[in-house]
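Hi,

Here is the model I promised to pass on.

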Amino acid sequence: MIWTGILILFCLIGLFAYYRQLRYGLVVTHMGDYASWGIYISNFVFFVAISLVGSLVTAIFRLGNIHWSTPLTRIAEIIAVSAILFASFIIVVDMGRPERLVNLFIYGRIQSPIMWDVIVISTYLVISLLLLYLPLLPDLKILNDQKEKGRGWWSRIYVLFGGFWKSNARQERINQKAVLILSILIIPVAFCIHTVTSWLFATTYRPGWDSTNFGAYFVSGAFLVGAGAVVIAMYVFRKVYHLERYITETHFDKMGKVLVLLALIYLYFNVNEYLVPAFKMKKTEEVHLVTLFAGDFAPMFWFSLLAGLIIPAVIMLFKQGRKPLPMFILGIMVVVGAWFKRYLIVTPTLLHPFLPMEDSPERFKHYFPSWEEWAIAIGSLAGVLLIITFFVRIFPIIPIQETIAEQDATPEK
Amino acid sequence: MQLLKNKSGLLAILSLAFAFSVKAQDEATRTMLVDISYHMPANRVPYLKVTAKEKVGRNFIPLKDIIGKVYINEEAESSLLEDIRTDSKGESRIFIPAAFKTVWDASGSHQFIVVTEAGEEFESVQSEVEVTKAKIEIDTVYENGVRNIIVKVSEQQSGEWQPAGDVEVKIAIQRLLGNLPVGEEDIYTTDEEGTVSVEFTRDSLPGDEEGNYVIVAWTEDHEQFGNVFAEKTVNWGVAQEPQDFSSRRSLWATGTQAPVWLLGLAFSIIGGVWGTLIYLFIQIVQIRKLGKTAD
Amino acid sequence: MQKKDTSRRYFLLNGLLAGAGLAAGCSGKTAFTPDRAEEAVPSGEKVKLLSIDGEVIEVDKAFLKPVPDIPYPFSNREERVGIQGKKFVMVIDLSRCKNLKKCQSACNHMHHLHPGQNWLKIYAMQDAEHTAPYWQPATCMHCDEPPCVKVCPVDATFKRQDGIVLIDSDRCVGCRFCMAACPYSTRVFNWEEPALTEEVASREYSCETSVPQKKGTVGKCDFCPDMVRKGELPHCVTACPNGVFFFGDMNEDVVTNGAETFRFSDLIRDKAGYRLMEDLGTKPSVYYLPPVNRNFKFEEGLKTEEPKPTYKTVDRGNSEYLRCKKNHPRPFAEKIW
């Protein structure tokens with residue numbers, strides 16, 4: 001209850017900040033004509049990134065016949081749904097004229113990467129919702145059957161969404177087939193959402209963005225942060241709902257190994273992203289890279305790289321490092337590091353334009369978010385957590401039916 | 001206390017200084033500059049232009065709504081051509097009404113006088129211009145592969161058109177925002193015959209769709225003739241195909257002009273994915289139906 | 001003498017307007033006004049005027065009035081298409097720019113820009129440590145392959161057939177993707193309600209006048225198509241006392257700064273004109289003439305400029321490298337590895 005209260009409070013503060021922004025304009029932010037995108041956009045990229053994990057755990061693992069991950073699918077999927085939902089909210093928040101959102105549908109230009117993003121994000125949201133919903137059907141029946149235990153008016157929701165599920169063979173066959181199709185479909189769409197998001201930057205000329213590596217760099221980073229988020233959620237749900245029987249130490253161990261793999265892949269793309277331009281030191285890239293490596297942004301840069309990537313990967317190489325508590329801490333490090341990483345992708349580049357920053361108000365030459373920006377960013381993070389919190393209050397976070405089937409199939413467990 | 005005293009003293013001095021400056025500003029007389037010029041476009045209907053402005057610092061500010069009267073030859077009620085009022089550019093344009101035909105025809109030279117009304121801000125200002133009726137004619141000669149422009153200036157003397165020598169004329173090719181000099185020089189002077197001959201060297205200059213452009217010749221604020229202007233269309237230019245790249249499909253074109261490959265790619269992907277999704281929705285409906293029938 | 005056929009009337013009309021244009025410092029088919037004037041409905045009220053030869057000529061009163069400026073007579077559709085058969089181009093002569101900033105103040109004033117906003121910026125440039133510093137005024141480049149237009153999701157910024165890239169502030173959603181896409185940092189954003197007088201704020205918005213600017217939308221240099229329609233030069237061109245800016249129609253192959261008129265192709269060839277960041281493939285419509293044979297010192301321009309380009313030596317561990325404080329164009333830095 002305290003938890004929900006705090007989250008609601010943060011959301012309300014964020015809403016109040018947004019009200020101020022609507023009233024006075026984007027001037028309440030500290031963005032300027034140079035840093036014309038700020039933490040709203042980095043937050044957006046962060047949400048899109050985190051949402052990718054839904055496709056990793058539910059689809060890639062499912063298609064790869066990896067069974068241990070079954071109890072984690074719903075965690076991953078609800079994270080995906082709520083994150084992508086807030087990604088779309090936050091992009092509206094960033095708009096100078098949110099009331100003209102409808103122009104995207106009236107005057108939409110298919111040439112614009114923003115249009116592509118609108119299309120793939122809405123598609124991904126629908127697929128994720130379906131992937132959340134379809135495996136939930138059998139569980140809704142189980143919950144319905146337990147009605148007499150008195151879970152109050154929730155049961156109405158269960159009836160509304162799943163009252164028609166009778167667990168007959170034909171229904172199950174259709175459902176399984178649908179989930180299979182979705183699992184295949186979500187993979188290219190998931191790659192698309194983050195690749196297209198990376199193209200919002202990579203289709204420009206700016207140093208630090210003008211990279212052919214960007215799509216792969218973004219996607220690999222997204223899998224890492226998403227997996228980190230799942231680990232955090234696993235730990236919390238396990239503790240709060242006493243799910244030790246279902247989310248076992250083995251799960252943490254295996255997720256640890258997955259994280260190491262993902263971290264190595266991401267590291268590989270990081271090396272490509274920074275070392276190759278740094279070797280050449282083209283004039284336009286130089287200022288940018290020097291500020292990252294040794295300038296104003298260096299502490300954040302090295303923090304995100306070391307604490308958010310290298311150190312967790314090294315620790316998780318050891319078995320002791322893959323125990324639940326260390327995994328939880330490392331998960332937080334990964335996610336926090338990833339958030340700052342998105343900040344570093346968006347802001348420093350904008351502060352290093354091709355032409356000098358002159359004939360512009362002094363305040364445009366630097367960027368540090370205003371309280372309104374922080375409040376909205378934190379509010380949106382709280383919003384994501386709030387959706388997850390409400391979801392787990394209403395629905396089982398462990399897919400009951402699938403987990404039972406899974407455990408039946410592997411009797412030694 | 002001491003501080004407060006100091007402050008109030010300073011304030012008194014400041015306010016005094018302010019009062020003085022305000023007073024000084026009031027007393028400073030504002031002078032209006034009024035100018036009248038004579039214009040003779042295309043050898044047809046001449047007009048007079050009155051401009052009113054004020055010098056503020058180093059800039060001239062046009063004065064709007066200045067009222068005045070323009071007279072011909074003498075400042076008398078019978079010679080009043082028209083009442084004027086300047087527009088937002090500080091200008092007013094008047095033509096010579098047909099009623100003055102006898103006066104106009106009587107002489108080759110006339111004086112035009114403008115007198116502004118005295119108002120609250122400015123005193124009455126008078127300005128005049130004396131002009132001799134003049135004409136400019138443009139002729140072109142093409143021989144031995146050389147193009148020549150011949151400009152002739154004539155003035156009216158005792159009812160006859162006579163050649164006007166030693167007159168500075170500008171000869172140029174008319175363009176949208178400025179006139180391009182026909183040759184190396186900007187200004188040419190007429191000989192005793194009143195003519196100037198210029199060899200035309202601007203080859204392959206773009207013309208309109210048929211290769212036409214306009215040669216113009218004019219005197220600029222000539223002390224005797226004012227602003228006389230003439231033009232002649234020649235077919236010396238390179239004909240230009242009207243280009244309209246806005247109908248070209250490209251990534252920067254409007255939404256309706258998106259490249260075909262992009263449209264194809266985008267819509268086939270969207271169609272494929274959403275087709276599958278619609279199929280899945282139908283499947284969910286199917287599951288619902290199966291559930292209902294099972295009852 | 002009294003009866004006039006239509007063709008003759010138009011001839012006269014053109015003559016009259018041509019004369020009017022001449023008086024304004026340029027002549028001829030002043031923009032597209034003759035077409036428009038011919039569309040003007042005759043009032044039926046005739047005026048008798050005298051010609052040079054004493055002929056009496058009868059003209060409809062409606063044709064004698066100058067074309068009114070306001071209300072701006074073009075529809076949004078017309079403004080999006082642009083002026084037919086034109087391809088506007090600007091030439092900026094760097095050898096003449098002393099950073100007087102008259103262009104900038106004229107532009108800001110005429111477009112009623114919010115304080116602090118500049119559509120036209122003047123950069124203190126120095127390409128490398130030992131190369132000459134120079135002043136570089138920069139307008140919107142009105143690229144022929146405009147990266148900003150490519151990324152606009154709603155056609156709010158568009159390329160017209162006369163080459164001008166404009167913004168429709170009535171459609172802009174304020175996503176600022178165009179600002180990120182423009183390599184010339186030419187676009188500015190109305191972060192707050194622009195400070196406008198009531199009169200300006202109440203004017204009907206036009207993409208061509210770019211007035212009034214609107215909160216939450218992007219703004220930039222528009223090449224003043226409203227002025228060009230009137231046959232006049234953009235504000236920056238007329239404001240510059242040194243004749244730095246030349247403007248014209250590429251299809252006519254002529255550019256002018258008001259006082260001097262050159263053939264565009266000759267000027268670019270003889271003075272080795274170039275465009276900014278040619279390697280990006282944006283194909284700008286703004287050409288620069290190199291800052292050669294200047295008869296003034298670069299430093300003279302600093303009088304109008306408060307901060308001057310400064311370089312600071314920053315100590316970073318055992319290596320030292322030159323770091324540009326803030327003003328420097330392409331800061332040069334000794335490699336730290």
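Let me start with chain A: of its contacts between residues at least 6 apart in sequence, 81% join residues at least 24 apart, where a contact means heavy atoms within 4.5 Å. Chain A has 16 helices and zero strands; helices (H or I, at least four residues) and strands (E, at least two) are DSSP runs, numbered from the N terminus. Of the 413 residues in chain A, 62% are buried, with buried meaning under 20% relative accessible area, exposed over 50%, and partly exposed in between (1.4 Å probe, protein chains only). The accessible surface of chain A is about 16300 Å², and 71% of that belongs to carbon and sulfur atoms; the areas come from the Shrake-Rupley method with a 1.4 Å probe, and for residues only the protein chains shown count as cover.

Before you go further, the housekeeping: this is a predicted model, so to speak of local features I need pLDDT of at least 70, side-chain atom pairs count only at pLDDT 80 or more, and totals for chains, interfaces and linings use all residues. Residues are numbered from 1 along each chain as its sequence is written, chains are lettered from A and ligands numbered from 1 in the order in which they are written, and side-chain values use heavy atoms, leaving out hydrogens and water.

Now the salt bridges (a side-chain nitrogen of Lys or Arg within 4 Å of a carboxyl oxygen of Asp or Glu). Searching the whole structure turns up 38 of them over all chains. Here are a few.

- In chain B, R85(B) pairs with D65(B), with the closest N and O atoms 3.4 Å apart. R85(B) sits in strand 5 (residues 80–85) and D65(B) in the loop between strand 3 (59–62) and strand 4 (67–72), so the pair ties together parts that are 20 residues apart in sequence. D65(B) is partly exposed, at 40% relative accessible area.
- K135(B) and D53(C) meet at 3.6 Å, N to O. K135(B) belongs to strand 9 (residues 134–143) of chain B and D53(C) to the loop between strand 1 (46–50) and strand 2 (56–60) of chain C, so this pair joins two chains. K135(B) is buried at 16%, whereas D53(C) is partly exposed at 39%.
- D144(C) and K159(C) come to 3.0 Å between their closest N and O atoms. The two are 15 residues apart, with D144(C) in the loop between strand 5 (134–138) and helix 5 (147–151) of chain C and K159(C) in strand 6 (residues 157–159). K159(C) is buried, with a relative accessible area of 8%.
- Back in chain A, salt bridges with shared partners join D253(A), K257(A), K319(A) and R322(A) into one network.

Leaving aside residues up to four places away in sequence, Q111(A) touches residues including W116(A), L251(B), P259(B) and K150(C).

Happy browsing!
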